[in-house]
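I opened this entry to get my bearings in a structure that is new to me. My notes follow in the order in which I looked things up.

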Amino acid sequence: MTITIGLPSKGRMKEDASAVLERAGLKIVAVGNDRSYRGRIEGIDDIEIAFLSASEIAREIGAGTVDFGVTGEDLIREGLAEADKRVEISARLGFGHADVVVAVPEIWLDVDTMADLGDVAADFRSRHGRRLAIATKYWRLTQQFFSGSHGIQLYRIVESLGATEGAPAAGQADIIVDITSTGSTLRANHLKILSDGVILRSEACLVRARKPEHEGNARVAEIVAAVQAAL
Ligand SMILES: Nc1ncnc2c1ncn2[C@@H]1O[C@H](COP(=O)(O)OP(=O)(O)OP(=O)(O)O)[C@@H](O)[C@H]1O
Ligand SMILES: O=P(O)(O)OC[C@H]1O[C@H](OP(=O)(O)OP(=O)(O)O)[C@H](O)[C@@H]1O
């Protein structure tokens with residue numbers, strides 16, 4: 001059986017993802033030319049590398065078309081329903097750190113917690129004639145956190161495909177759910193993170209699709225052990 005590992009072909013995780021495999025003794029060699037989206041591992045014939053974007057990797061692991069992938073936990077949990085049933089986080093890799101957070105305008109002086117925000121959401125329609133609007137590309141994580149964890153049901157999600165932090169100032173939404181690493185984009189847009197508003201502390205992970213044929217497969221166990229030992 002050939003084991004396929006999905007690695008980022010571009011973006012901020014590309015270099016670190018390849019480096020961690022090399023430290024684990026799995027040296028990647030391109031198949032064909034530089035632009036090829038396939039690779040293999042030097043000296044090992046039954047591992048194949050598929051170069052994909054970080055979000056495609058999350059999807060392909062969910063579909064089981066790759067066995068392993070290196071991608072952000074945020075993309076796994078946003079991309080897959082019941083992620084823990086479908087995938088296993090085999091290792092947390094120590095790069096690509098970012099938090100998915102709830103942020104509100106700094107001028108909302110009396111809103112510091114999710115409970116405060118729940119009060120705002122409850123009153124929003126009578127005060128403003130519409131529901132509280134949340135700009136995000138993290139639909140699933142937002143719904144789980146607001147409706148599931150905090151019992152806040154009165155809101156509307158406004159899909160944002162970029163520059164989410166600008167949505168409140170632009171009048172497209174009232175608050176946001178987005179990723180932050182240094183916090184500088186939030187500050188530049190006069191937004192503050194609620195004190196209990198961190199939805200997920202994400203980083204790059206080695207993720208395995210839960211497949212029956214992985215049980216007792218020596219190569220699968222070896223890949224996990226080698227990457228864990230390289231951290
Ligand atoms: N400052 C940051 N901003 C956005 N994402 C970050 C940041 N720091 C780390 N990440 C992580 O990087 C991953 C996204 O990487 P990247 O933006 O390179 O993907 P991508 O190649 O753009 O994927 P796609 O094109 O499919 O969206 C996510 O898991 C995210 O959590
Ligand atoms: O907390 P900070 O360090 O300011 O980083 C957070 C910002 O960085 C990312 O955007 P980026 O401009 O990298 O583009 P992307 O959304 O296309 O990845 C992300 O979407 C945030 O907007």
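**Arg-131 and its surroundings**

I started with Arg-131, which counts as partly exposed because 15 C-beta neighbours lie inside 10 Å. The cut-offs I used: a residue is buried with 20 or more other C-beta atoms within 10 Å of its own, exposed with 12 or fewer, and partly exposed in between, the C-beta atoms being placed from the backbone. The model is a predicted one; local features need pLDDT of at least 70 and side-chain atom pairs count only at pLDDT 80 or more, while totals for chains, interfaces and linings use all residues. Residues are numbered from 1 along each chain as its sequence is written, and chains are lettered from A and ligands numbered from 1 in the order in which they are written.

I placed Arg-131 in the loop between α5 (114–128) and β8 (132–136). Helices (H or I, at least four residues) and strands (E, at least two) are DSSP runs, numbered from the N terminus. Leaving out residues up to four places away in sequence, I found Arg-131 touching Phe-124, Arg-125, Leu-154, Tyr-155 and Arg-156. A contact here puts two C-beta atoms, placed from the backbone, within 7 Å. I also checked Arg-86: its C-alpha is 34 Å from that of Arg-131, and the two are 45 residues apart along the chain.

**Helix α5**

I went back along the chain to α5. Its 15 residues reach 20 Å from first C-alpha to last, close to the 21 Å expected. The expected span is 1.5 Å times one less than the number of residues. I noted a kink of about 35° in α5, centred on Ala-122. The bend is the angle between axes fitted to the seven residues ending at a residue and the seven starting there.

Which residues of α5 are buried? I listed Met-114, Leu-117 and Ala-121. They pack against β7 (98–105), β8, β9 (155–159) and β11 (191–202). Just after α5, I saw Gly-129 with a positive phi of about 75°.

**The whole chain**

I counted eight helices and twelve strands. Of the 231 residues, 36% are buried. The C-alpha atoms fill a box of roughly 65 × 35 × 25 Å along the principal axes.

**Two domains**

The chain divides into domain 1 (3–97 + 203–229) and domain 2 (98–202); the bounds come from an automatic or database domain assignment. Their centres, taken over C-alpha atoms, are 31 Å apart. Eight residues of domain 1 are in contact with nine residues of domain 2. On the domain 1 side, α3 gives the most, with four residues. That side holds no nonpolar, three polar and five charged residues. For these classes, Ala, Val, Leu, Ile, Met, Phe, Trp, Tyr, Cys and Pro are nonpolar, Asp, Glu, Lys and Arg charged, and the others, Gly among them, polar.

**The ligands**

How many residues surround ligand 1? I found 16, the closest being Gly-11, Ser-53, Ala-54, Ser-55 and Gly-72. A residue is near a molecule if its C-beta atom, placed from the backbone, lies within 6 Å of it. Domain 1 and domain 2 each give at least three residues to this shell. Its largest share, three residues, comes from α2.

For ligand 2, I noted a shell that includes Glu-165, Asp-178 and Thr-185. β10 supplies the largest share, three residues. By class, I recorded one nonpolar, six polar and two charged.
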